[in-house]
Amino acid sequence: MKALATRRRSRFAPTALLLLALLITGGLYAALAPSTATATASVATASDVELGMKLFQANCATCHGMNAQGSEGVPSLIGVGAAAVDFQVSTGRMPMQANGPQAPAKTPQFNEEQTAQLAAYVASLGAGPAIPTDEEIDGSQGDVANGMALFRTNCAMCHNAVGAGGALSGGKYAPALWDTSARNIYQAMLTGPQSMPVFNDNVLTAEEKRDVISYVEAQRSGSPGGADLGAIGPVSEGLWVWVVGMGLLLGCAVWIGAKSS
Amino acid sequence: MNQQNPAKGHPSQDLAAPDGQAGVPTHFTDPGHPEHQPRQSDLHPAANKRAERQVVLLFAVSVLGTIGFLVAYFAVPPGETVASMRQSNLLLGLGLFLGMFGIGAAVVHWAKSLMNSEEKAEDRHTLRSSDETRAAAVEMLREGAQDSAIGRRGVLKGAMVSALLLAPLTVVVPLVGNVGEDWDVSKFKSTMWRKGMKLTIDPSGRPIKASDLTIGSVFHVIPEGLEDTEHPLDEKAKAVVLLIRLDPRDLTEAEDRKGWSYDGIVAYSKICTHVGCPVALYEQQTHHLLCPCHQSTFDVADGAKVLFGPAKRPLPQLPIEVDDEGYLIAQSDFTEPVGPSFWERLK
Amino acid sequence: MTTTTPSGGARAAGATADYLDQRTGIAAAVKGLSRKIFPDHWSFMLGEIALYSFVVLLISGVFLTAFFVPSMAETEYDGPWAAMNGVPMSEAFASTLRLSFEVRGGLLMRQVHHWAALLFMAAIVTHMMRVFFTGAFRKPRELNWLIGFTLMILGLVAGFTGYSLPDDVLSGNGLRITDGIVMAVPVIGTYLSYWIFGGEFPGQDLIPRLFTIHVLLVPALILALIGAHLFLVFLQKHTQYPGGGRTDKNVVGYPLFPIYAAKAGGFFFIVFGVIALMAATMSINPVWNYGPYDPSPVSSGAQPDWYMLFLDGAVRLMPGQTEFVIAGFTLSLNVLVPAMVVPGVLFGVLALYPFIEAFATGDKRVHNVLDRPRNVPFRTATGVSVLSAFIVLILSGANDIIADHFSLSINDITWTLRVLLFVVPAIAFWVTKRICLGLQRKDRELVLHGHETGRIVRFAHGEYIEVHKPLSDEERWLRVNYDAHAPLQIAPAHDSRGVRRKGYRRDLLRQRVSRTFFEDRVEPVTPAELAAAHAHGAHDALESAEPHGGHEAVGAATEAPLVGGAVSGGGRRLADHDDDLGSDTRNY
């Protein structure tokens, strides 16, 4: 207590107070910000749709068709909703660069505004899942234990127990979820991009999806036992026991066996 | 059999027999043990002293490591967060590492740099006993056998052997008899699915309506009332089902299974027909179902037939229908045993 | 009791020794053992890594048993790990979480235990490789090879039972696979499954049963066999590498007390330290990621620990078309072949190899000096070949991880590995054998012509040659002191009276095996050859000095002249150079 009292009188006190004030302001902003963001996201103006259509015709229509009706091997986008577009475009999966087993995530080609315009255009073609609100994807409000139960039944077989990713057949894969944003995780569940099944609100309710996000986000603080070795299980553990364990011990054995000079 | 005489074919190594022709030996001679090379610490007292100091230092590292471990044990609790647990584990582990490794490195360094480094040779003795010893041993056994007169008492011998062979049964029979519980292996052939039983979501137990499925969605399904059974895990191990909705146009159905699906919704056993892993990786575009354990791949659009991998048989299909309220229910149990193959599965 | 004066300490020690000796006669043992000689080499410490890992396993295992509850009774977790709160689970899983998160040092001990287990198996395999490639299994050590082999199998059992104890999803799926494999056994498969699991899988009994096997039965057997293993090492004395002054009749090295005891004792602490370092910094088997066992979920990357990976790999590679129904009964060769036949063959060959080789050599002598792997090309090639198959199977067991991390198609990888399983061991065998023969020839060349010095000399008539430096006695001895076993010769099928000989067929088989082993070989240089190499015009002497007893046995086989010819040809060609060199160096 005494120490605290001394510190209050110190010359750093004003700086500390200022920092505290900034922190509170920042915290308040963070708490209030979601509502404003939701407001901008949900309101798509007619000009957005117009601009989105232009972007679509320039960048997407070659494969998906002038009216997004799709063609042989290319899905129709009528009715896929804004969520699907936002997921595919904001993760860089669309537009596709080359044909392959699956479209990989890469640096997005469009900025947030253009993505929103594209989403608005596609959403205007037919009713589909909308972009989730910040409330829906806020992992801190989820139940991590329930998220674990849902994740391991519905997700872990492809994405691995903690979301490290895994292989599918024929060169396809379930990507790692370490860097995926909560919004993209939610949208992926909702729309079932590429090989992924669709987890509509009857399979996983909105709250359950948030629980899953909460679990995935909890995995990002690593493992209590130390380096997680990629979190891919016994194969990497076996590799490391040979490299580190046998490596170090063979080194020691050579030292012990060597004649000293 | 005419084997090569070892002494001829494989010359003994330390003899150099002259071959008589030109006085050239047939074999090289063993040059003997190389001369001992003294170490720095043998030659220079300063180096000797330095090595001793290094050993002391290594022991000191060990002491510090142990103290560090004890400090970490009392002062750094694992706490409630991942970071605090990791910190506790790291500090304890490093303390243990230094505490142990320090001793090891010190002792080895001591042995290498300060203890006498001259190699010594020791003769080996033949392991084989001498002929006299062998003869004496045989004689003793013979005497013993004579004393017991076992050779002449055939009935006694037979009785003893029978008793010794039979006695272990008192342990083996109860062991084998009890560990298998009721031995009713016919349980492998059926699951708890019955006509009218609702399909519910794993693990919440929520019943599923046909309208809940959109094309491309998957439900992991358990039978209604699973938790009320005597051994839920045993039942679940056989009864788990994967419920998938496909575009009915994509679905190829066998003639006798036309009535087993509902509007593109099909239900297949989740237990692999290979060795029983849960087959759960559904790829909605290709309709492939992949087993993560051994990569057997099944075609959900075509009767869950095997496309790739070590499984032979398709996954068993659960016949389903819809009740009056729109809930999905089973028409019956599976029509064949689920899971891995076994000898009498078709009997 | 102890005082500060040295005489007091010595008196106390003397009194203790007297007390013990009067009651046990221990002085005789101390006299016999304390200065016993052990050869020193880094590769002789591989078995020690295994032994010390086992001691660490016992220490950490005792710690774990204090907190682990081997029960499948259901409970609900409530503790610091939020993702598990309120989740129903077995006592076994809940106590694993408790001892990891709430017991101070518990997580460290768990990780020490698991890393030590992986290291134990890695050290056993490496130790076995050393014993195999140096021929340390030859008479009189065949029995100790079998004991060591049994220890490896017991290590697998210990590892597998321990891996399954936490009752998590990963190990539970491993057990489910085991159940699937057991059920594939013809006729009694389902009964075996009931016997193991106490009824239907997963049942209520497995964890307590595995616990007893893991903490009582298997460790007791391992301890007893380690005792026998080490007793035989003491009795037979350790093998030694070839070199000057080292023969089959002596052992050269350091006395047990103090040097060997210090090095070996110190190594225990080093092994413990390294395991502790791994446990401090690297997470292992985080069961809380997988969750308590439930038959429905599964995680990608479902693999067993590394030492069982080859089995899982074999199971993955086998195509499913090999399941048959015969008269209504199902025969699952798609499971039986990879899970029973493959390990059966692999382990069978491994266990019986010393006896197969002894059959081929007909060698009844005692061997205490080790082989350099190059000097036994067939054995070395066989070992590398089996090892390469083992590695292909391990890679197959990790095919999904490889596919994911290298962006490949899992189907392509599986197909490739199916082919490689047959191709790689064949190539590995051939390449290794050629390398061995090449190294042997290199040795011959060195012995005959010495080291290249890089010094070029020009003769008066204009020819250039490089001056070679002869080998030291020690260097030469290492390269000439080995047996090149020749194929066995057998007596003819009919004796002098034309009667067919008994046992001829067995001899014929033996001759075939022997020929397979030894038809390609390089003989060590003899003093006559060396002398010939140094003398002028010594071609004839060289030819006659080649002691190729086995070539007649091979008869018209083409290989014999090929190898022998290559060697002697090489010798001749190089001897020509050396003629000049010899005279040249003498002139200088």
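This is a short tour of a three-chain model, stop by stop.

**Before you start**

The model is predicted, so local features need pLDDT of at least 70 and side-chain atom pairs count only at pLDDT 80 or more, while totals for chains, interfaces and linings use all residues. Residues are numbered from 1 along each chain as its sequence is written, chains are lettered from A and ligands numbered from 1 in the order in which they are written, and side-chain values use heavy atoms, with hydrogens and water left out.

**Stop 1: chain A**

Select chain A. Look for 11 helices and two strands. Helices (H or I, at least four residues) and strands (E, at least two) are DSSP runs, numbered from the N terminus. Follow chain A from the N terminus and the elements run α-α-α-α-α-α-α-α-β-β-α-α-α.

How much of chain A is buried? Of its 261 residues, 46% are. Buried means under 20% relative accessible area, exposed means over 50%, and partly exposed lies in between (1.4 Å probe, protein chains only).

Now colour the surface by atom. Chain A has an accessible surface of about 12700 Å², and 63% of that belongs to carbon and sulfur atoms. Accessible areas come from the Shrake-Rupley method with a 1.4 Å probe; for residues, only the protein chains shown count as cover.

Then turn to contacts, meaning heavy atoms within 4.5 Å. Among the contacts in chain A with a separation of 6 or more, 61% are between residues 24 or more positions apart.

**Stop 2: chain C**

Switch to chain C. Here there are 22 helices and eight strands. Chain C has 588 residues, and 60% of them are buried. Its accessible surface comes to about 23800 Å², with 67% on carbon and sulfur atoms. Of the chain C contacts between residues at least 6 apart in sequence, 74% join residues at least 24 apart.

**Stop 3: two crossing helices in chain C**

Two packed helices are described by the angle between their axes and the distance between the axes. Select residues 91-101 of chain C, helix α4, and residues 106-133 of chain C, helix α5. Their axes come within 5 Å and cross at roughly 110°. The axes are lines fitted to C-alpha atoms, for helices over the stretch in contact, and angles run from 0 to 180 degrees between N-to-C directions. So α4(C) and α5(C) are roughly perpendicular.

Which residues make the contact? On α4(C), show C:T96, C:L99 and C:S100. On α5(C), show C:G106, C:L107 and C:R110. By class, the contact has two nonpolar, three polar and one charged residues. Ala, Val, Leu, Ile, Met, Phe, Trp, Tyr, Cys and Pro count as nonpolar, Asp, Glu, Lys and Arg as charged, and the others, Gly among them, as polar.

**Stop 4**

Go to B:N89 in helix α4 (residues 82-113) of chain B. Is B:N89 buried or exposed? It has 2% relative accessibility, so B:N89 counts as buried. Leave aside neighbours within four places in sequence. B:N89 is then in contact with A:P224 and A:G225, and with C:L107, C:L108, C:Q111, C:A279 and C:A280.

**Stop 5: helix α17 of chain C**

Select residues 473-480 of chain C, helix α17. Its buried residues are C:R476, C:W477, C:R479 and C:V480. They pack against α16 (410-449) and α19 (527-534) of chain C.

Zoom in on C:R476. At 16% relative accessibility, C:R476 counts as buried. Beyond neighbours within four places in sequence, C:R476 is in contact with B:F28, C:V447, C:L471 and C:L530.

**Stop 6: the disulfide**

How many disulfides does the whole structure have? The search over all chains finds one. A disulfide is a pair of cysteine sulfur atoms within 2.5 Å. Show B:C277 and B:C293: S to S is 2.0 Å. The S-S torsion is about -85°, so this disulfide is left-handed. B:C277 sits in the loop between β5 (265-269) and β6 (281-283) of chain B, and B:C293 in the loop between β7 (288-290) and β8 (297-299) of chain B, 16 residues apart. Both B:C277 and B:C293 are buried.

Next, select B:C272. Its closest cysteine sulfur, in B:C291, is 4.3 Å away, too far for a bond. B:C272 is buried, at 1% relative accessibility.

**Last stop: B:Q331**

Finish at B:Q331, in the segment after β11 (328-330) of chain B. At 23% relative accessibility, B:Q331 counts as partly exposed. Not counting residues up to four places away in sequence, B:Q331 touches B:K195, B:G259, B:W260, B:P319, B:I320 and B:E321.

Definitions and conventions. Angles under 35 degrees count as roughly parallel, over 145 as roughly antiparallel, 65 to 115 as roughly perpendicular and the rest as oblique.
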